[in-house]
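Student: Could you take a close look at the salt bridges in this protein and tell me how their partners sit in the fold? I'd like one connected account, please.

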Amino acid sequence: VLDFEKTPGYNAEIDFTVQNYSDENPPETAMKYRIVLKTTGNIPLTFTLTDSAENPLQTWECDGTSGEKLYEYSDSSLVFSMGVKQSQAYKLKAEWKSDKKDARFSGITDAVYLEAVFEQID
């Protein structure tokens with residue numbers, strides 16, 4: 001969770017990893033996943049999702065006036081194989097661009113939630 005209560009021009013980054021295991025045992029099924037970003041939408045933020053090499057994968061624009069927003073990133077390559085422990089690293093950057101300043105955003109807080117949603121592949 002990123003909490004924004006800053007000023008225009010501020011940005012934050014968070015590194016995260018998606019993996020298909022929680023212990024030492026390899027997974028028994030193949031899985032696909034998607035990355036879900038939810039924001040309360042109170043502040044005009046630009047979100048950029050990158051892979052481990054910092055190649056941009058997806059950019060989302062929140063205008064700060066439309067309320068709660070849900071964004072998803074999915075791709076046919078977001079699949080983990082059965083019987084093999086795998087992980088993939090990502091980075092999420094949230095930026096409040098300097099040109100998006102407005103008095104109505106003064107003192108407002110925004111919360112950003114990030115999760116990976118898995119689905120078993122038969």
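Tutor: Let's start with Arg34, which is partly exposed, with a relative accessible area of 27% (buried means under 20%, exposed over 50%, and partly exposed in between, using a 1.4 Å probe and protein chains only). This is a predicted model, so local features need pLDDT of at least 70 and side-chain atom pairs count only at pLDDT 80 or more, while totals for chains, interfaces and linings use all residues. Residues are numbered from 1 along each chain as its sequence is written, and side-chain values use heavy atoms, leaving out hydrogens and water.

The partner of Arg34 is Glu72: their side chains meet in a salt bridge at 3.0 Å, N to O (a side-chain nitrogen of Lys or Arg within 4 Å of a carboxyl oxygen of Asp or Glu). Arg34 lies in strand E3 and Glu72 in strand E6 (residues 69–73), so the pair ties together parts that are 38 residues apart in sequence. Strands here are DSSP runs of at least two E residues, helices are runs of H or I of at least four, and both are numbered from the N terminus. Glu72 is also partly exposed, at 39% relative accessible area.

Next comes Lys91, whose salt bridge to Glu54 has its closest N and O atoms 3.1 Å apart. Because Lys91 lies in strand E8 and Glu54 in the loop between E4 and strand E5 (56–61), this pair ties together parts that are 37 residues apart in sequence. Lys91 is buried, with a relative accessible area of 16%. Glu13, Asp15, Glu54 and Lys91 are linked in a network of salt bridges.

Leaving aside residues up to four places away in sequence, Thr50 touches Asn55, Pro56, Leu57, Tyr90 and Lys91, where a contact means heavy atoms within 4.5 Å. Thr50 counts as buried, at 10% relative accessibility.

A further pair is Glu24 and Lys85, with closest N and O atoms 3.2 Å apart in their salt bridge. Glu24 lies in the loop between strand E2 (11–19) and strand E3 (30–39), and Lys85 in the loop between strand E7 (79–80) and strand E8 (87–95), so the two tie together parts that are 61 residues apart in sequence. Glu24 counts as exposed at 66% relative accessibility, whereas Lys85 is partly exposed at 34%.

Stepping back, the structure holds six salt bridges, in a protein with zero helices and nine strands.
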